[in-house]
Amino acid sequence: MSTHNQDNQLLLRITQGDESAFRQLFDQYRDLIYSFSYHLTQSDIIAKDVVQDIFVKIWTTRSTLDQIVSIRAWMLRLTRNHVLNGLKRKAHEEALLREIGSRLSHSLRPTEEAVHYRELEKQLQQAIAQLPPQQQRCYLLSRDAGLKHDEIATTLGISPETVKKHIMVAIQSIKKHLTHNGNLLPEFFLFFL
């Protein structure tokens, strides 16, 4: 049997929930994902996290694996996108921290600003917790897991358009909750919702 046919059989078994086939895929590709991630990040810890994240993502989206033509190419593309999304998220977080730091350093009352930020973060978590379950899942998969709309759609078994609507409504609900509770959101913060 050719390598291509073996790969197709392996993927078919995984789509059916075969954990031994998944383990075989893990054993076969973990070093490739680690090496590629390490090459991109120069970090052993991040590369190990990427390996774990990629295989969790593969298992949770296993029902779509039968559409893959080349496992190796797909794994490399998935890894590259995951690392790039992580780097973008890190850059956004660093920009947010710099902005907050700048505001705190220019403030005459840094303690009050720090308390306000903690309260804002608490209110944000409350707003997220109050979202309907599907909106909450879409929002968290987008913001925390860094998944794209089509990846969320595949994971949740809904259309990308539905994912987009859920995220838009979730953001509006979060903004409304924060504003209702007296939090005037700075423009830079809205970018991170």
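User: What is the volume of the largest cavity?

Analyst: The structure is a predicted model, and every value here is computed from it. A cavity is a space where a 1.4 Å probe fits but cannot get out. By this rule, the count is one cavity of 30 Å³ or more. The largest cavity has a volume of about 60 Å³.

User: Which element gives the largest share of the lining of the largest cavity?

Analyst: Among the lining residues are Lys-57, Leu-78, Asn-81, His-82 and Glu-151. The lining divides into three nonpolar, five polar and three charged residues. The largest share, six residues, comes from α4.

User: Which element gives the most to the largest nonpolar core?

Analyst: The largest nonpolar core has 21 residues, and Leu-25, Phe-55, Ile-58 and Met-75 have the most contacts inside it. Two or more residues are given to this core by each of α1 (3-15), α2 (19-41), α3 (44-60) and α4 (71-106). With six residues, the element that gives the most is α2.

User: Which residues does Leu-25 touch, not counting residues up to four places away in sequence?

Analyst: Leu-25 is one of the residues with the most contacts inside the largest nonpolar core. In general, nonpolar side chains tend to be buried together in soluble globular proteins. Leaving out residues up to four places away in sequence, Leu-25 touches Leu-10, Ile-14, Phe-55, Ile-58, Ile-71 and Met-75.

User: How many residues does the second, separate core have?

Analyst: This second core is separate, and its members include Ile-128, Leu-131, Ile-152 and Ile-167. Its number of residues is 16.

How values were computed:
Residues numbered from 1 in each chain as written. Predicted model: local features only at pLDDT ≥ 70, side-chain atom pairs only at ≥ 80, totals over all residues. Heavy atoms only, no water. Core = buried A, V, L, I, M, F, W, Y, C linked by side-chain atoms within 4.5 Å. Buried < 20%, exposed > 50% of the residue type's maximum accessible area, 1.4 Å probe, protein only. Helix = DSSP H or I, 4+ residues; strand = E, 2+ residues; numbered from the N terminus. Contact = heavy atoms within 4.5 Å. 1 Å grid on protein atoms, 1.4 Å probe; cavity = no way out; pocket = protein on both sides within 12 Å on 5 of 7 lines; lining within 4 Å. Points joined across faces, edges and corners; volume = space filled by probe spheres on them. Nonpolar A, V, L, I, M, F, W, Y, C, P; charged D, E, K, R; others polar.
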